[in-house]
Amino acid sequence: MIRSLWWSVRTDGDAPFDTAHMKVYYPAVASRDDAERLTGVFAPDPAHAPYPVVIFLSGVNVGQDSYRRYVTALAESGFAVVTFDRVAELFGGQRGLTPGVDIDAARPSTYGTRPTCPTIPAVLTALAELNASEPLRGALDLDRIALGGHSAGGTVVLQSASYFPAVRAVFAWGAHTMVATMLGWDPGTVLPAQVNCPVLLGVGTNDGVITGSADRYGEGADRPDPVARTFAEALPEGDHLLAVVPGANHFGIADADPTAARAFLDGPAETDALPGFARLTALFLRAHLRADEAAREELAGFDDGMLLKRR
């Protein structure tokens, strides 16, 4: 059984745009006592605790509940999974849902000196508080952490992971490290990922959002796939995996909200990428956060209709 609880934490920025509202999914067990009946709060399942922690960052203007099915599948594989909503400044002075981006940290003069996502350390601080109080007391293993994300959320984890020593794996869907020319970079620049752990990248062949954003990077729509370029050019030597899902689109792992974000740019969803990519992600996390040899062997032979590349 997977249950969740809510928490909030102050981040960078000025009020009221300085708060992340978190949702923590965890394996739970029913006690059927009065406290559970009256509050709806379930205790964590002690069977495999403490649980390695997965922090998943949303794309811009994509609410955290859009990923509920995906992150629940990860939690069912033995992880505590954290998502959050944060309303703060976007590009150009607009405000909206964002993983939290330190734009100045992505400029040529500063990139590589600090994380581009200041929300991550705030969430880690909140998790330490949760791990010291009921009902999650001692249930979170904060020495075994994965960072994951979708779209812009995936980009900032790729740009930030190495600054957090407990991070042992990174994964992303529809994300790359190409950087906007408005920040002062040359057209077509792929930034080196700030990672020192295994990385899993996923992308669909019908990703219309990445295609529709090419001019942001000074390129045309017929450019090479930025996710494939990130896999080939941005990652250090390591145990990395690229999964290309034929017929999937940018929102392949999410339940897109047609009233927000840029799903209107997307290509057709000719296949449901979520179940297969969730299975692949869970194996990847079990292999690298739990040192699960059975998962590592299954990962080596994984074939779920995806085009897999390893390096």
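Buried means under 20% relative accessible area, exposed over 50%, and partly exposed in between (1.4 Å probe, protein chains only). This is a predicted model: local features need pLDDT of at least 70, side-chain atom pairs count only at pLDDT 80 or more, and totals for chains, interfaces and linings use all residues. Residues are numbered from 1 along each chain as its sequence is written, and side-chain values use heavy atoms, with hydrogens and water left out.

**Exercise 1. Backbone exceptions**

Task: Find where Ala 261 lies, and classify its accessibility.

Solution: 
- Start with the location. Ala 261 is in the loop between β10 and α7 (273–289). Helices (H or I, at least four residues) and strands (E, at least two) are DSSP runs, numbered from the N terminus.
- Check the backbone. Phi of Ala 261 is near 60°, a positive value in a residue other than glycine.
- Classify. Ala 261 has 22% relative accessibility, so it counts as partly exposed.
- Asn 61 sits in the loop between β4 and α2 (68–75). At 28% relative accessibility, Asn 61 is partly exposed.
- Most residues other than glycine have a negative phi, and most peptide bonds are trans.
- Now the cis bonds. The bond from Ala 15 to Pro 16 is cis, with omega near 5°. Pro 16 is in the loop between β1 (2–10) and β2 (19–29). Ala 49 and Pro 50 are also joined by a cis peptide bond, with omega about 0°. Pro 50 is in the loop between β3 (43–44) and β4 (51–57).

**Exercise 2. Two partners of α7**

Task: Describe how α7 packs with α2 and with α8.

Solution: 
- Two packed helices are described by the angle between their axes and the distance between the axes. Axes are lines fitted to C-alpha atoms, for helices over the stretch in contact, and angles run from 0 to 180 degrees between N-to-C directions.
- Take α2. It packs on α7 at about 35°, with the axes 9 Å apart. Arg 69, Tyr 70, Ala 73 and Leu 74 of α2 meet α7 residues Leu 274, Phe 277, Ala 278, Thr 281, Ala 282 and Leu 285.
- Look at α2 itself. Its buried residues include Tyr 70 and Leu 74. Their cover includes β1, β2, β4, β5 (80–89), β8 (167–173) and α7.
- Take α8 (residues 293–300). Its angle with α7 is about 135°, with the axes 8 Å apart. The two helices are therefore oblique to each other. Angles under 35 degrees count as roughly parallel, over 145 as roughly antiparallel, 65 to 115 as roughly perpendicular and the rest as oblique.

How values were computed. Contact means heavy atoms within 4.5 Å.
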